[in-house]
Amino acid sequence: MMRFLLRRLMDLPLTVLLLVSLIWVVLELQPGEFAQAYLGGALSPQYREFLAEKMGLDAPAWERYLIFIKNAFTGELGVSLINFPKPVWDTILELLPRTMSLFFASFFIQLFVGYFLGQRLGWRQGRALDRIGTVLCALMWCVFLPLLSSLIIWVFNGVLKILPYAQFIDVSVARKYPDVDRNLTLLVIMGVAATMMIVLLLVQRRLRRLNRPGVKAGAMALLLLGCGGAFSLWLTFTPMGSVALSILHHMVAPVLTLTLLGAGFYALLMRDSMVQATKEDYVQLAKAKGLKDRVVRRRHAARNAILPLATSFLLAMAFTFDSAVLVESTFSWPGLGNALFHSLSGRGDMPVAVGIMIFLMAIASVAHLCLDVLYAYLDPRIRDRYAGAK
Amino acid sequence: MNASHAAASNRWTVKGTLWRKRLSHQWGLFCQDRLALSGLVILGLFIALALLQAAWMAMGVPKIYDPIYGYDFSQAPFSPPNASHWLGTDSHGRDVLSQLIFSVRFELVVALLAALITVVLGTSMGVVAAYYAGSWADALLMRLSKMFLVIPPVAFIFFLSRLGGFNHLTLGLTIGVLGGGKVAMMMKARALEITVQPYISAARIAGGGSLHILWRHVIPNVIPFVFMFVMFIAVIAILAEALLSFFGTGSMDQGPGAFIQMSWGYMLFLSYYQGFFNGGNVITYWWLVFPAAAAIMLFCSSLYFVGRGFHRMADPSRTFA
């Protein structure tokens, strides 16, 4: 396992280096002088010369490449041209928690919904419900995202009037508590959610060993009530809680959109894998033993159906990133995706766009590494391939 | 001379028969999946409509049905579906149905080009990496494909569209290259299973060169598996095209950006730009929004189901239904 981890870790900088080089090549391929193309025509000539000298844009190509690589790896991504003296790195760090919260929330909900939906569809394969479900999932996966978000805004904001329209915090709340750090609030929310998930998972595993369903259900209900109660008290009575509540309220619509979009895809993957799993001998054996249908489905078939998803999932990961980027711009959620859009439209803000692209790709490589290691942990066969002679 | 000629023709007859038998068997497998079959029918319908319209336009139709320059003076713009315009007219008084069908050819170009390049690039990279597993070529190709794997395609295409204009050809090319890198990894996994088979060693001992073994023994065995992933890439290509012409055309007048004259995404962009996505307008002026969106949905999911059908043909033991 150590060896595997080391190999993968060594690959990471290389992948990022290749990605940065790709971005550089793309920038170099632009017609005209590099500095002019990179900085655009919006700046005054003195500023452009100053920046070009500072960022090393006048140097010969190979030197520019080395400077570009060095800057990318040391986080010297330049300064924004629209918010002029603000460093790109500060912009990224400011926007990162907002994107991450949206991404993680929608990602886990997508996986969860897809897992359970696909498991049901695959278990009753060939029935009318399965066919209808499969078609609906495929259609939802191919839906046009801007239209879906417009429809959701119309239904929940226009007709039902229960969700806010856009942005990520109510203006009244923001004015009432000006000194609450919003990014810190987001980090607290994410931390609380992650801790709660882990605690619930651990407690559930512990309780399952007792083998007494009644006790387990009761304890879980108590725990959920307790956590939920504490959380809602925090949300109602503390300043940070109020800010958090407003942010969560604004997060519902984008997360709903992303879930509708992505859950269908994961459900399809899970369904196909589940169909395969139901043919296996151990599932037949479990059925023959007289275990309950539900138990066979959840414990025997679904657990084993997760692994074959690995390859398809790796293909889909980049697209999941994409939809998170897109949904930010349709809901004007002030995250990295929205900033990327703004920096690419109108006059343009190339340093910000380049910085965000490099950062997104680096994050995606790290996510890819994490997934790789996770699969190796879940599937001993992959681990053994590295532990052996090779 | 005569005998050898007869033998040659006989050989071709045998080959043809075998080929026909295999094809009919595969077709039977494909037809078992009713979803794949209906996907194929829907795709065929789209293509047939596109061909019909092309022929009809070449014959010289009334100007009111031109998808880009047409204008019907007898009706106001935004007129709802009626007898002469089955899906109504848009803000410029152009026929929506005509635009919808006219766009099919561009979607096909994007999808087919992306699919073709993905097949060629993905298969060759994966197969070479698997055949020379452990060598520097393998290391290089896998690093490259890992690089492509982590690039979010739509965001990257938006980034590129700022630097230079896209048309349907370059868009299909770009998505194909990005997708080929992605698919190479899956193809390597498949090809690794083939290269350890005894018949590969047998071919090598019999004196077959690397190129011969790759072309005759490895590629035919992995190529059927590529189709499912390829359809996936084709779907992404169409969605990316729609999203690019939806978001990207805003910067068209300010220099390089997307240059896409007509597509489903562009139709949606026009409706959005004129405010038909807002509030109840979506329902009131449904013909400006839903036909194009439904076309994207139907086309993409048909591609996906056809890809599943292909996968079933390649691997009948893997059942989807």
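This is a predicted model: local features need pLDDT of at least 70, side-chain atom pairs count only at pLDDT 80 or more; totals for chains, interfaces and linings use all residues.
I start with A:S332 for its backbone: phi is near 40°, a positive value in a residue other than glycine. As for its place, A:S332 sits in the loop between α14 and α15 of chain A.

A:K161 is not a glycine either, yet its phi is positive, at about 55°. Where is A:K161 placed? It lies in the loop that runs between α7 and α8 of chain A, α8 being residues 171–176. Is A:K161 buried or exposed? A:K161 has 8 other C-beta atoms within 10 Å; the cut-off for exposed is 12 or fewer, so A:K161 is exposed.

Next, a helix pair in chain A. Two packed helices are described by the angle between their axes and the distance between the axes. The pair here is α1, residues 2–28, and α4, residues 61–74, both of chain A; they pack at an angle of about 135°, and their axes are 10 Å apart. That angle makes α1(A) oblique to α4(A). The crossing of the two helices, α1(A) and α4(A), is right-handed. Which residues make the contact? On the α1(A) side they are A:L17, A:V20, A:W24 and A:E28, and α4(A) supplies A:A61, A:Y65, A:F68, A:I69 and A:A72. By class, the contact of α1(A) with α4(A) has eight nonpolar residues, no polar ones and one charged.

Now the interface. Here 46 residues of chain A are in contact with 47 residues of chain B. Several elements of chain A give two or more residues to the side that touches chain B: α1, α6 (128–141), α7 (145–159), α11 (239–278), α14 (309–330), α15 (336–344) and α16 (350–378). Which of them gives the most? That is α14(A), with nine residues. The side of chain A that touches chain B divides into 30 nonpolar, 14 polar and two charged residues.

That leaves chain B itself. How many helices and strands does chain B have? The count is 11 helices and zero strands. Along its principal axes, the C-alpha trace of chain B spans about 75 × 50 × 45 Å. Of the 321 residues in chain B, 46% are buried. On contacts within chain B, taking those with a separation of 6 or more, 73% are between residues 24 or more positions apart.

One helix of chain B to finish. Helix α11 of chain B covers residues 286–314, which is 29 residues. From its first C-alpha to its last, α11(B) reaches 41 Å, close to the 42 Å expected at 1.5 Å a residue. Is α11(B) mostly covered or mostly uncovered? Mostly covered: 23 of the 29 residues of α11(B) are buried.

Methods. Residues are numbered from 1 along each chain as its sequence is written. Chains are lettered from A and ligands numbered from 1 in the order in which they are written. Axes are lines fitted to C-alpha atoms, for helices over the stretch in contact, and angles run from 0 to 180 degrees between N-to-C directions. Helices (H or I, at least four residues) and strands (E, at least two) are DSSP runs, numbered from the N terminus. Angles under 35 degrees count as roughly parallel, over 145 as roughly antiparallel, 65 to 115 as roughly perpendicular and the rest as oblique. A crossing is left-handed if the near helix is turned anticlockwise from the far one by less than a right angle, and right-handed if clockwise. Two residues are in contact if their C-beta atoms, placed from the backbone, lie within 7 Å. Ala, Val, Leu, Ile, Met, Phe, Trp, Tyr, Cys and Pro count as nonpolar, Asp, Glu, Lys and Arg as charged, and the others, Gly among them, as polar. The expected span of a helix is 1.5 Å times one less than its number of residues. A residue is buried if 20 or more other C-beta atoms lie within 10 Å of its own, exposed if 12 or fewer, and partly exposed in between; C-beta atoms are placed from the backbone.
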